[in-house]
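Biologist: Could you walk me through this model and tell me what stands behind the words you use for it?

Modeller: Gladly; let us look at it together.

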Amino acid sequence: MRRLVLRRLIQALPVLFGITLVTFAMVHLVPGDPARALAGQRATPQILASIRHQLGIDRPLLQQYWHFVANIGRGQLGYSFLLHQPTDTLLAARLPTTLFLVGYGVMIAVVLGVPLAMISATHKEGWLDHSIKGSLVVGLGLPSFWIGLLLIAFLALRLRWFPVGGAGSGFPGELWHLFLPALTLALSFLAVLVRSLRASLIDVLDADYVSLAVLKGITRRRVYVRHVLRNALIPAVTIVGLNLSYLLGASVVVESVFSVDGIGNTLVNAVLSRDYQLVQGIALVFGVLVLMITLAVDVTQAALSPRNELA
Amino acid sequence: MTVTGPGPPAAQRPSGRPGLRLSAVLPFLRGRERISLLAGCGMLAIIVIAAVAAPVICRYTPTTLNPLASLQPPSAAHYFGTDQFGRDIFARTAYSARIDLIIAFSLVTTAFVIGTTVGVMAGWAGGGLDSTVMRVIDVALAFPFLVLVICIVGLRGPGLLSLYLAVSVVSWIFYARLVRAEVRNIRHSEYMLAAEASDFSTLRVLGRHLLPNVIIQPLVYASSDLVYALLLGASVSYLGLGIQPPTPEWGQMIQDGSTFIGAQWWLSFFPGVAIVLTAVAFSLIGDGLATIAREGSG
C-alpha cells in the first residue's frame with residue numbers, strides 16, 4: 001500500500017511540472033503587451049517600463065518561470081489587480097465555498113441517483129426502467145445555467161422557499177443558501193451517475209452471491225439493501241471520483257449563475273476584467289486540486305479492492 | 001470522457017478484432033436502436049430546417065428593435081414573446097440554431113481530425129512521440145476542461161475565434177487517447193503485418209488498412225461529443241465569453257433574459273428548450289450509433 005502511494009506520487013511529479021508550465025504559459029498567450037493592457041493606451045514609456053519591471057516580464061523567460069515556481073513554493077500566487085488582494089489570501093477564503101458546493105452537490109446527486117438506479121436496475125427493460133432511461137437522455141442535455149435560472153425563478157422568486165443568491169452564515173445557513181446551486185450541480189451530474197450506476201447494479205444483480213441470497217429465502221428487500229446496494233456503492237464512489245474534475249468545471253458556471261463567492265465565480269470575473277495573475281492563480285489551484293483528487297481516487301480504489309494488487 | 005463532460009465510458013472492443021464498417025451494418029438496423037437513431041435524426045432534421053428556413057418561417061428579423069412591443073408575453077403575434085428591446089424571441093431562437101449548430105459541429109470536427117491524426121501517429125510510431133503525447137494528455141486532463149477553455153478564451157479576449165482556438169487546444173486529447181488505444185490494439189495483428197510486408201507506402205498502410213479499423217470508436221464518440229460541444233458553446237457564451245451581441249445565440253439569449261427571469265420568464269425559457277431539444281437529438285443519434293457499433297463488433 002505504501003509503495004503504491006509512493007509510486008503514484010512520483011508519477012504525479014511530471015504532471016505537476018506540466019501544470020506549472022501550462023499556467024505559466026497562459027499569461028504569455030495574451031495578445032499584445034500585458035503592461036499596456038494594464039496601464040491603458042496613453043501610458044508613457046517610463047510607466048510601461050516600470051510596470052514591466054514590476055511584473056517581472058522584462059527578464060528572460062527561463063528566469064521568469066523559475067521566479068514563478070519559486071513563488072508558488074512560498075505560497076505566493078501573485079496579486080489581483082481587480083480585488084486589490086494577494087491571490088493566495090483570496091483563494092484561501094473562497095476555495096472552501098467551492099469545495100463545500102461540490103461536496104453538497106455530489107451528496108444530493110447520490111441521494112437522488114442511487115434509488116433511481118436501483119429502481120431502473122431491478123425493473124430492467126420494464127416501463128419504469130424505460131421512463132428513467134428516457135429522462136436521462138433529456139437530463140444529459142440540460143444546460144446547468146438554464147436549470148439554475150429556472151430553479152431561481154420557480155423556487156426562489158415565485159415560491160420564496162430559498163434565497164436567490166449569496167452564502168448564508170453558519171452551517172445551517174450555508175446549507176440553506178447553497179441548496180439551489182448544489183441541486184443544479186447535482187442535476188447536471190445525475191444522468192451520468194444513474195447511467196453508470198445502473199450498469200454496475202445490473203452486474204451485481206446477476207452475481208452468484210445474490211442468487212444464493214435469494215435461494216436462501218432472504219426477503220427481497222434485505223437482499224437489495226444488504227447485498228446489492230452495499231456492493232454497488234463502491235462503483236458509485238469510483239464514478240463520483242472520476243467525474244470530480246467535470247464537477248469542478250461545472251461548478252464554475254453554477255457559481256456564476258447564483259453569484260456564489262467561490263473560486264469559479266472569481267475565475268469568471270477575473271477573466272472578464274482581464275486580471276491575468278488572478279486567472280493564473282485560480283487555474284493553478286484547479287489543476288493541483290484535480291491532480292490530488294485523481295491520486296486520492298486511485299489510492300482509494302486500490303485500498304477498496306484487495307483483488308487489484310497494483311503495488 | 002470524464003473531463004469535457006460526464007459520459008458513458010467508451011466501449012472497449014476485444015483486442016485484435018478488426019473494426020466494423022458502417023456500410024456493412026446499416027441494412028441490419030432493427031429494434032430500439034433504429035427507433036432511437038431515427039427519432040434523433042428526425043429531430044435534428046427539424047432543427048436544421050428551422051435554422052436554414054429561419055427567414056421564411058419568421059415574421060420578424062432577430063435584430064429588429066421595436067421599443068413599443070418590449071417584454072410582450074407569448075402571443076399569436078409573437079409566439080415566444082419579445083425581449084426588452086422588442087425583438088421577437090421566436091426569430092432569435094430560430095436564427096440562433098444556425099450559429100449553435102455550426103459551433104457544435106465545427107468544434108467536434110476539429111477535435112476529431114486533430115485527435116485522430118495525433119492518435120494514429122502516436123500509436124503507430126510509439127517511442128518518444130508516443131510518450132510525449134501521453135504526457136501532454138496527462139497534463140491537459142489535470143485541469144477541468146471548462147476551466148482551461150475559460151482561461152484560454154478569457155486571456156485571448158472573448159469571441160468565436162478564441163472559443164475555437166481554446167477548444168482545439170484541449171479537446172483533441174479525448175480522440176487521440178481513444179484512437180491511440182485502438183491503433184495499439186491492432187498494431188501487431190496479422191493483417192496489419194501483412195499490409196506492412198507487402199511493400200505498400202506507409203501512407204497507404206495507414207490510410208487503407210489502419211484507419212478504417214480504428215475510425216468507428218472515435219466516430220461513435222464524436223456523435224455523443226456533439227452534446228457536450230453544444231452545451232460548452234452555450235455555456236461559454238452564457239458567461240459572456242463566446243458569441244458577442246447582437247448575433248443571436250442561445251446561451252447569450254439566456255444570459256440576456258436572466259435579469260427578467262422572475263416576471264418575464266419567456267426570455268430565457270425558450271432558448272433553453274431549444275438547447276435541450278438539440279441535445280436530445282444528438283444524444284439519441286449517439287446512443288443509436290453506439291449500440292450499433294457494439295452489436296456489430298460483439
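Biologist: What makes you call α4(B) oblique to α7(B)?

Modeller: Helix α4 (residues 89–125) of chain B and helix α7 (residues 160–186) of chain B pack at an angle of about 40°, and their axes are 6 Å apart. Axes here are lines fitted to C-alpha atoms, for helices over the stretch in contact, and angles run from 0 to 180 degrees between N-to-C directions. Angles under 35 degrees count as roughly parallel, over 145 as roughly antiparallel, 65 to 115 as roughly perpendicular and the rest as oblique. An angle of about 40° therefore makes α4(B) oblique to α7(B).

Biologist: Before we go on, how do you treat confidence and numbering?

Modeller: This is a predicted model, where local features need pLDDT of at least 70 and side-chain atom pairs count only at pLDDT 80 or more, while totals for chains, interfaces and linings use all residues. Residues are numbered from 1 along each chain as its sequence is written, with chains lettered from A and ligands numbered from 1 in the order in which they are written.

Biologist: How many helices and strands does chain B have?

Modeller: Chain B comes to 12 helices and zero strands, whereas chain A has 13 helices and two strands. Helices (H or I, at least four residues) and strands (E, at least two) are DSSP runs, numbered from the N terminus.

Biologist: Why is A:His53 called exposed?

Modeller: A:His53, in helix α3 (residues 45–55) of chain A, has 12 other C-beta atoms within 10 Å. A residue is buried if 20 or more other C-beta atoms lie within 10 Å of its own, exposed if 12 or fewer, and partly exposed in between, with C-beta atoms placed from the backbone. With 12, A:His53 is therefore exposed. As for buried residues, they make up 36% of the 311 residues of chain A and 50% of the 298 residues of chain B.

Biologist: How many residues does each chain give to the contact between A and B?

Modeller: Chain A gives 45 residues and chain B 42, where two residues are in contact if their C-beta atoms lie within 7 Å. On the side of chain A, α11(A) provides the largest share, 10 residues. That side divides into 37 nonpolar, seven polar and one charged.

Biologist: Where do the domains of chain A lie?

Modeller: Domain 1 covers 2–87 and domain 2 covers 96–310; such bounds come from an automatic or database domain assignment. Their centres, taken over C-alpha atoms, are separated by 33 Å. The contact takes 20 residues from domain 1 of chain A and 21 residues from domain 2 of chain A. On the domain 1 side, α1(A) gives the most, with 10 residues, and the residues there divide into 15 nonpolar, four polar and one charged.

Notes:
Nonpolar A, V, L, I, M, F, W, Y, C, P; charged D, E, K, R; others polar.
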